[in-house]
Every structure is written in structure tokens, then in C-alpha cells.
Amino acid sequence: AGIFYQHAPTETSQATLASVSPVFAVMKFDKEGNTTYFEKKKTELYQELGLQARDLRFQHVMSIATRNNKIIMRMEFLKAVITPEFLLILDYRNLSLEHWLFNELASQLAGEGQLVTYSLPFEFRAIEAILQYWISKLQERLNTLQPQILETLEALVDPKLLSVDRSKLHVLLQNGKSLSELETDVKVFKETILKILDEEEVIEELCLSKWTDPQVFEESTSGIDHAEEMELLLENYYRQAEDLLNEARELRVLIDDSESIIFINLDSHRNVMMRLNLQLTMGTFSVSLFGLIGVAFGMNLESSLEEDPRIFWLVTGIMFLGSGLIWRRLLSFLGRYLDPPLPPHVPAVLKKSQPAAGRVEIKTSLKGETFGLSRSTLTNQ
């Protein structure tokens, strides 16, 4: 009775875990491109494939690994298990993923498409199809971002604009974030492939048919090295990812340079406005300074000058003339101390002749010293 009570909760817990086990929507492709759909629990699936539960724990990371003569590929939302006989796509219910699965993948695996691994075993075609799809998705994201970024930068980098459109800056900020995410995804893709290229044993393990099909094993031993073909395949997509990353970096540099130009233009317009404000302030100061004369004559004081009709024009002329002279003096002061001085003009002939003259003088002095030494030596002898 004690044994029965000890095992009963265990059996109940196992039944409960099996009932809540996640269910995978699976799409299966064979060598001829035939497709079947089914749903299966995770526990049943990894037991049929001879895998462990952790092998089907798909996080949102990129990795390519081999387990029990099977290839497990994780490409963020794309989850695949490759065997020498078939390809399984797990959790395929995604709009963009379904379009690729139904319209392209089956025909590519059957031999209709642009894959270059038709003469190689099935796992080569499956790996190439998945890598090609992922690199095309990255290229599509870059092709979408590039014209948007260039159009926004062209609208922002305009020296005629006195202000910057905030809406375009917001668009540029969003595009910059998307570009950073794309750069991160491409770097992770590169590092995933590079990690495999650095380990020869992993490349050998990716050639599944080499260890299961005797004919393929004989071909590999007779001169057709499938491991080398796998390395060339991965290296090809590594180079494509490198090209994509270089294009993204060029866009990043262009954004940074454009931001510098925008700040320079804004600083230039700000300096113009500050200079104009300073000039108006100096003009106001000049007029106010000589306006004191008018203030003095406007006081209710009697003198003999107000009886002469020419005094008004004389005083007014002195006020405007003095204000103009003071304003001009202030402007000359402003230009002398704020404008950068011009570099001194050096004639081209002088530039060329100076080093030569220096060399001639040095050579002449050296010859004189040598001649003097030799002559004194001969005299002593």
C-alpha cells in the first residue's frame, strides 16, 4: 500500500504534464517536395525524432546544431528540423512564412528553383533553402529602409531651410532604430555561420547522408568531399551577410554625416540671426545716443535757438549723421573681431624656391667646410 501511494502522485503528475504539453503545427517536406500537415504534442514529437526536450526548446535566437544525426535550425521565428529524408517546419502559422512555404520551398526541394545543391544530398538543399530565405528577408528589409532613409536625408540636408521639419526627424529616428535592429540581426546571422565554419567537426556532422547512406559515404571517400561542399555553402552565405552588413554600415555613416551637416546648417542660421540681432542692437544704441540731443531740445526750456527755423534741420542732421557714424564704427569693430582673418598670401615661386635655396646654402657650407678641412690637412702633411 505504501508503494502504491508513492507512485500514484507521480503518475498523476506525468499525465498532467503530458496534457499541458505544447502542440506544434508541423509542415513536413520530403525529397520530392510533397507536403503534409499535422499537429503533434512536443513530447510525442521529440520522442519520434529521437531528440531531447531541450532540443525543441526554440528561443528567439539563431543557431544551427546537430543532434542524433538531425539538424536543428533556429532562425528567430523559423524553426526547422532536418533529417536525411525529410524537413520539418514547426509553428509555421505566420503570414510571410506561409507564403514562402506554400509557393517556394516545396518547389525548391523538388529541384525547381535557383538552388545550387541539387546534385548533393537532401540536407544540403534544405539548409540552402532556409539560408536563402533568411538572407532574402534581411535584404528585403534593407531595400525597404534604404530609399526611405535617403529620401528623408535629402529633405533634411538642405542649406536653404532655416528650420528642420520635426516630422522628418521623427521618421529618421524610426528608420535609424530599424537600421540598428537590422545590423544586429545580420551580425547574429554572421556569427552563427562563423561559429560553424571555425569547427570542422560540426561541418562534418552537418553532412547527415555521409554517415547514413553507404553510397554517399563511398562518394565522399572517393574524392567528392561533402564536408568541403558544406563549408563552401556556408561561406557563400557568410559573404552575402558581410555585404549586407557593409551596406547597412554605409547607411549608418551617411546618417551620421547628414546629422553633422544638419547641425552645421542650424548653427550657421543661428549665427546669422545672432549677428543680425547684434547689428540691430548697435543701431538702436547709436540712434539712442544721439537722440539725447533731441531730448535736450524737447525740454520746456526757453532759449534763443528755438526761434531760428534752421536749428531744427541742423540738429536733426547732426543726430542722423552721428548715429550713422557710430553705427559704422561698431560694424567695423564687429567685422574685425568676429570674422576669421584671411591667411597671408605666399607666392608659389617663393614656396618652391625656399627649400631649394636652403638646400643650396647647406650644400655650399658643407662643401666649404670639407674643402677647408682637406686643405688644412694637406698643409699639415
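Lys40 is buried, with a relative accessible area of 18%, where buried means under 20%, exposed over 50% and partly exposed in between, using a 1.4 Å probe and protein chains only. Its partner in a salt bridge is Glu48, with the closest N and O atoms 2.8 Å apart, a salt bridge being a side-chain nitrogen of Lys or Arg within 4 Å of a carboxyl oxygen of Asp or Glu. Glu48, by contrast, is exposed, at a relative accessible area of 54%.

This is a predicted model, in which local features need pLDDT of at least 70 and side-chain atom pairs count only at pLDDT 80 or more, while totals for chains, interfaces and linings use all residues. Residues are numbered from 1 along each chain as its sequence is written, and side-chain values use heavy atoms, with hydrogens and water left out.

The structure holds six salt bridges, and another of them joins Asp185 to Arg141, whose closest N and O atoms are 2.7 Å apart. This pair links distant parts of the chain, since Asp185 lies in helix H5 (residues 166-197) and Arg141 in helix H4 (residues 122-156), 44 residues apart; helices are DSSP runs of H or I with at least four residues, numbered from the N terminus. Asp185 is buried at 14% relative accessible area, whereas Arg141 is partly exposed at 30%.

A further salt bridge connects Glu242 with Lys190, the closest N and O atoms being 2.3 Å apart. Glu242 belongs to helix H9 and Lys190 to helix H5, so this pair ties together parts that are 52 residues apart in sequence. Lys190 is buried, with a relative accessible area of 12%, and Glu242 is partly exposed, at 24%.

Key: Helices (H or I, at least four residues) and strands (E, at least two) are DSSP runs, numbered from the N terminus.
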